[in-house]
Amino acid sequence: MRHAEEHNHDDGVRTVYSAYTPDHEHTHDDEPAGTLQDNPIWQQDNVTLHSVGMDIGSSGTQVVFSRLHLRRTGEDLTSRYHVVRRETLHRSPVELTPYVDAEYIDAGALGSIIDTAYREAAVTAADVDTGVVILTGEALRRRNAEVIASILAERGGELVTASAGHHMEAMLAAYGSGAAKASYDTGLRILNVDIGGGTTKLAVLEGGRVVTTAAVHIGGRLQVVDDTGRIVRLDPAGGAHAARAGFTWKVGDTAQEDELERVAQSMADTLVDALTADPLPTHVRDLFLTDPPEYAGPIDAVMFSGGVAEYVYDREQAHFGDLGRPLGRAVRHRVDAGSLPYPLLPAGECIRATALGASEFSVQLSGNTGYISDPDALLPRRNLQVVRPVYELRETVRAQDIEAAVRNRLLALDVAQTGADVALALSWGGLPSHERLLPFARGVRNALADRTAMGHPLYVVLDGDVAMTLGRLLREELGVTADLLVIDGLRLRDFDYVDIGRVRFPSNTVPVTIKSLVFGDDLR
């Protein structure tokens, strides 16, 4: 008989594996061989996880339940499982994210949405092996957002909580929409435009990789009317867009359908300017929530995602009292007319361009060459977000190159906004000489100086075998006084979240559990 077991170890590592219990005390040679899935060796290398992804956005909330089949690839000091098959079991309807007022999410109403999704999927929290709660857009900026995320994580099972600011949300949308895969498959430089309820996220993809991200204050639910046309929600940005169309509305005023159409047309023109104008008009630049994007090359095609994209691609006809339908249709008209001068790619995922869950699972073991300044203070740690800078290590290592790469990645993943501790994943290659390692360490120190000044500990994870040397350089030669952990022999990537367990004796090794966000088409 085959069954699944789950063990929670003292060091924080959560190991899921299959076990095999014979139905009888002995077998005979002439008995049927049974299926492959009944083979205990097969079971050791194959794991099934049930995952949930909760996406709490500016305007929409949705829950996705998935079943994932993972297969182990055996490597030294590693028990790594990769997703080889994913099956969507249930997708909840996209519900409007409930708010008490402009400052607070309605916790009770949101909890009811999640409870209904679990009930309709016939799933309990105990059935969920792993998953993720993602807070994005305006929902992230509500005063009780962090509390809401933790409540939902506890309600739904043992879940990762990912707070996605503008840049990270743009990256999530680019992977979830299928734009990353399309750019990899076609070789095109693709602009993914994710138009949500409160913001529009922009991402340029090249060869399956996100190279530029930005966000602009354009969205389908910046203004909402009830069935009588009375304005019941008007964000400041929504008021600004209405003013550019010639209306000075406030909450409680009445807006006619043709007037809302004029606002949507003006908003679509503003979006086209945001994507194409050089230089940007002042009123457009003022709408950017990040630095405007630097395309650094031609755009070959455009893909849309987000709730408004359902109307761009004519997938949705219903009207929800907001600007989503007229805005989506106005944007599509500008694409067809050539005002937005990029070929339109077929739709991937639109409103459901989100992660399926934290569902790729692995356990790795860091060797005994690490540097840990205070094991009791630093370990164990759960759900550290991984930040993996992109750089090229040459024979001569320049500190300023490493510093720039680390700073850029911290910005791209909105780490400064969340203020949370992170695991900095670094690659090392080539001769581990003092002449190369010292500028490498100096670049890391300089890039993280603001964080250490605020009292954040440093968690540094390397793939190369130089952790002890790097840790000593940071502490003894470069004067880093913050709590410091440097371990090696691990391979991590963006959108990984790691649990780092206590040091194991006498091997002096550190176990690390990796939970990766998984998308429908994932090239990482």
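Author: It's a predicted model. The secondary structure of the protein chain comes to 17 helices and 22 strands.

Reader: And how much of the chain is buried?
Author: Of the 524 residues in the protein chain, 54% are buried.

Reader: Contacts next. Of those with a separation of 6 or more, what share comes from residues 24 or more positions apart?
Author: In the protein chain, 69%.

Reader: Switching to rings. How many aromatic pairs are there?
Author: The structure holds five. Take Tyr391 and Phe440: the ring centres are 6.2 Å apart and the planes sit at 65°, so this pair is edge-to-face.

Reader: Where do Tyr391 and Phe440 lie?
Author: Tyr391 is in the loop between β17 (381-387) and α13 (399-412). Phe440 is in helix α15, residues 434-447. The pair therefore ties together parts 49 residues apart in sequence.

Reader: Is Phe440 buried or exposed?
Author: Buried, because its relative accessibility is 0%.

Reader: Which ring does Phe440 pair with besides that, and at what angle?
Author: Trp428, with 75° between the planes and 5.1 Å centre to centre. That pair is edge-to-face. Trp428 lies in the loop between β18 (422-426) and α15, 12 residues from Phe440.

Reader: Trp428, buried or exposed?
Author: Trp428 is buried, as is Phe440.

Reader: What do Tyr391, Trp428 and Phe440 form?
Author: One aromatic cluster.

Conventions
Residues numbered from 1 in each chain as written. Predicted model: local features only at pLDDT ≥ 70, side-chain atom pairs only at ≥ 80, totals over all residues. Heavy atoms only, no water. Phe/Tyr/Trp six-rings, centres within 6.5 Å; stacked < 30°, edge-to-face > 60°. Helix = DSSP H or I, 4+ residues; strand = E, 2+ residues; numbered from the N terminus. Buried < 20%, exposed > 50% of the residue type's maximum accessible area, 1.4 Å probe, protein only. Contact = heavy atoms within 4.5 Å.
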